[in-house]
Amino acid sequence: MTTDPVRTEQPDGQVTDVLRVEHIAKRYGAVTALIDVNLHLAKGEVLGLIGDNGAGKSTLLKILCGFQQPTSGRILLDGHEITLKSVDHARSLGIDAVYQDLALVNQLSVYHNMFLNREKVRWPLLSNKTMRRLTRQYLDEMGVKIPSVDADVAALSGGQRQAIAVARSVHSDAKILLLDEPLAAMGVKEGAMILDIVQDLKRSGDVSVIIIAHNYAQVLEVCDRVNLLQQGRITLDRTASETSVTELTNLVVAEYRKALEERQRSA
Amino acid sequence: MSDTIQDAPRVAGEPPGGPVARNGITGRLRGAGIFLMKQREATVFVVVVLLILYFGVISSAGRSTFFTKIDLINLTQYAAPIIIIALGEVLLLICGEIDLSVGFTYAFAPFMMHFMIDYWHVPGILGIILAVVFGGVIGWINAFFTVTLGLPSFVTTLGTGFVLAGLILTTSHGTQASIPPAVTGIGHWIGTYAWSEIVWAVILTALFHMLLRRTRWGLHTIAVGGNALGAAEAGINVARIKYGNFMLTGMLGAFVGVQIAFQTGIIDTFSGGSAYQPMFYAVAAAVIGGTAMLGGSGTMIGAFLGAAVLAVLVDGFNVIGISAYPEQIYFGAAILIAMIANVQLARVRAAGRIR
């Protein structure tokens, strides 16, 4: 991919948003997934994105990582407007994602999945030795135990698979990490492990993170700020200290009740 | 999983899943058994060896013998074209596609060489190269219909196969052509010498094995066939991989067509459906060699050995003097048995019992 002219330092030292999303809409034919989304992400910030199923969280994430293109609206990276043409393009700009479906290939080994489309190569051949070594190192650092990095990922548990997907993104040298339900297949212990990783990234201060999650307690524990996505719009933007699990739960439940009432009225 | 690291990183090369008993003959046999089970190609290799031994013993009892030079040449000349076409089909099958038209590419390519050299006065070697490139163009067209227009490749290549068959008959007026004199010299190295075809097949198998196992292209081909959405999410250009593999298959088919023309000394029209035959044998070789029809896995060496199984069967029947009529019964049975073995072995492997 091309080298980007975008990632320039801000000379005035002002805190600028690494990522701004303005009036993003996404329609699939007659279906509107996102109506008008505005959000911002500061450097080193961890933003929790919550909302009920079908609110458009995953769609938004897929737009931000270049997998899909928005119908309208603009994305600004470090204050410069960008058009994300592809996942590769987004990666070259320092944006990387862990997808809900993990994007792992069952038929490939752990280390080939770890470096999928970012393979270490001594042209023209793959440097399998290097990839094996680094994979072992990454997983050891995270405290993940797997039988062997040579095993096919098909043989691994849900939590192990998720850990590999997260490790892959964390080690991608991304400036912006997008995590779509990274805790979904996790037990309590593994969930804590992922949250620790996010805390570490936060402490390093270089990486900004957007996490989609359903467990509000975990979101509030690790995030600086929370955005609520409802029916294709951001309806709430609070710092984590200003809100609570009860408030977030009530907002989502209230939305559900309102929709139910409307349906009953129209019926 | 645990959140602490108890044991040191595993030593490279140590087989996963615990140490294997290595002392004593039983231990060694067990180790060899596990090794064989782990190598997908090994089962086919055993079949090839057993078949050769079988035909060797049977024929040495009679007057003719299976191990004479002429039989080995027959064997390799029968196997080589199947092997080379199968290399392309393996790539396509792994990424979830198939090319049924490659037999017609194979029939058309030597005509292209003939037209270019004899009618358009293209220099000899360039004519051969352009004939192979022409195969790539047919592959590109197959990919365009399949990837860009979204037709299943089974349908696409069924259609393009018929079109090509018609084009061959139309452009050649249904008559054979002779090899252009300008290329008979170089033709020896491509297909006329008795051993040239099998040498090409071995070289190409080695190259494609490396392509599949040791390069990004091969890895991405497996990724596309194993999880197309996941591969796309990881940023792999799925369309590019499929286009490339269709084009490689077309080029391999065209090259084999040129080889066969040199070997037989004539450019044949393969009128009617007979051009399907090399494709079917190539797919059969791929499948016997352990390539999954559903995509995501396959091996080049397996395809090589699969073609060897077919060739040994045919040649063996000839040598021991069995009539050609039941030949295809054995072919079909071989494919079915190989498939059953592959499915069952895959199940055992998936259960992790031999990892």
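Student: In this predicted model, is His23(A) buried, exposed or partly exposed?

Tutor: His23(A) lies in strand 1 of chain A, and its phi is near 50°, a positive value in a residue other than glycine. A residue is buried if 20 or more other C-beta atoms lie within 10 Å of its own and exposed if 12 or fewer. Because His23(A) has 13 C-beta neighbours inside 10 Å, its class is partly exposed.

Student: Which class, buried or exposed, holds for Asp78(A)?

Tutor: Asp78(A) is found in the loop between strand 4 and strand 5 (80–82) of chain A. Its phi is near 50°, again positive in a residue other than glycine. Most residues other than glycine have a negative phi. Since 20 other C-beta atoms lie within 10 Å of Asp78(A), the residue counts as buried.

Student: What is the omega of the peptide bond that joins Trp123(A) and Pro124(A)?

Tutor: Pro124(A) has its place in the loop between strand 7 (121–122) and strand 8 of chain A. Most peptide bonds are trans. The bond between Trp123(A) and Pro124(A) is cis, and its omega is about 0°.

Student: Which residue takes a positive phi in the hairpin of strand 1 of chain A and strand 2 of chain A?

Tutor: Strand 1 (residues 17–28) and strand 2 (residues 31–42) of chain A run antiparallel and are joined by eight bridges. Within this pairing, Asp17(A) has Ala42(A) as its bridge partner, and Val21(A) stands opposite Leu39(A). The hairpin has two residues between the strands, and the residue with a positive phi, near 60°, is Gly29(A).

Student: In strand 4 of chain A, which residue is the bridge partner of Arg20(A)?

Tutor: Strand 1 of chain A also pairs with strand 4 (residues 72–77) of chain A, in the antiparallel sense and over five bridges. In that pairing, the partner of Arg20(A) is Leu76(A).

Student: How many residues of strand 10 of chain A are buried?

Tutor: Ser208(A), Ile210(A) and Ile212(A) point one way from strand 10 of chain A, while Val209(A) and Ile211(A) point the other way. Residues on both sides are buried. For strand 10 (residues 208–212) of chain A, the count of buried residues is therefore five of five.

Student: Which residue of strand 9 of chain A (residues 176–180) stands opposite Ile212(A)?

Tutor: Strand 10 of chain A has parallel pairings with strand 3 (residues 46–50) of chain A, over four bridges, and with strand 9 of chain A, over five bridges. From strand 3 of chain A, Leu49(A) stands opposite Ile212(A). From strand 9 of chain A, the residue opposite Ile212(A) is Asp180(A).

Student: How many residues of chain A are in contact with chain B, and how many of chain B take part?

Tutor: On chain A, helix 2 (87–92), strand 8 (125–126), helix 4 (128–142), helix 5 (158–170) and helix 6 (188–204) each supply at least two residues of the side that touches chain B. By class, this side of chain A has 18 nonpolar, nine polar and 11 charged residues. The contact joins 38 residues of chain A to 30 residues of chain B.

Student: What share of the contacts in chain B with a separation of 6 or more comes from residues 24 or more positions apart?

Tutor: Chain B has 14 helices and two strands. Buried residues make up 45% of its 355 residues. Among the contacts in chain B with a separation of 6 or more, the share from residues 24 or more positions apart is 77%.

Student: At what angle do helix 5 of chain B and helix 11 of chain B pack?

Tutor: Helix 5 (residues 124–148) and helix 11 (residues 238–264) of chain B have their axes 7 Å apart. Their crossing is right-handed, and the residues of the contact divide into 17 nonpolar, eight polar and one charged. The packing angle of these two helices is about 140°.

Technical notes: Residues numbered from 1 in each chain as written. Chains lettered and ligands numbered in written order. Predicted model: local features only at pLDDT ≥ 70, side-chain atom pairs only at ≥ 80, totals over all residues. Contact = placed C-beta atoms within 7 Å. Nonpolar A, V, L, I, M, F, W, Y, C, P; charged D, E, K, R; others polar. Axes fitted to C-alpha atoms, helices over the stretch in contact; angles between N-to-C directions. Left-handed = near helix turned anticlockwise from the far one by under 90°. Pairing = 2+ DSSP bridges.
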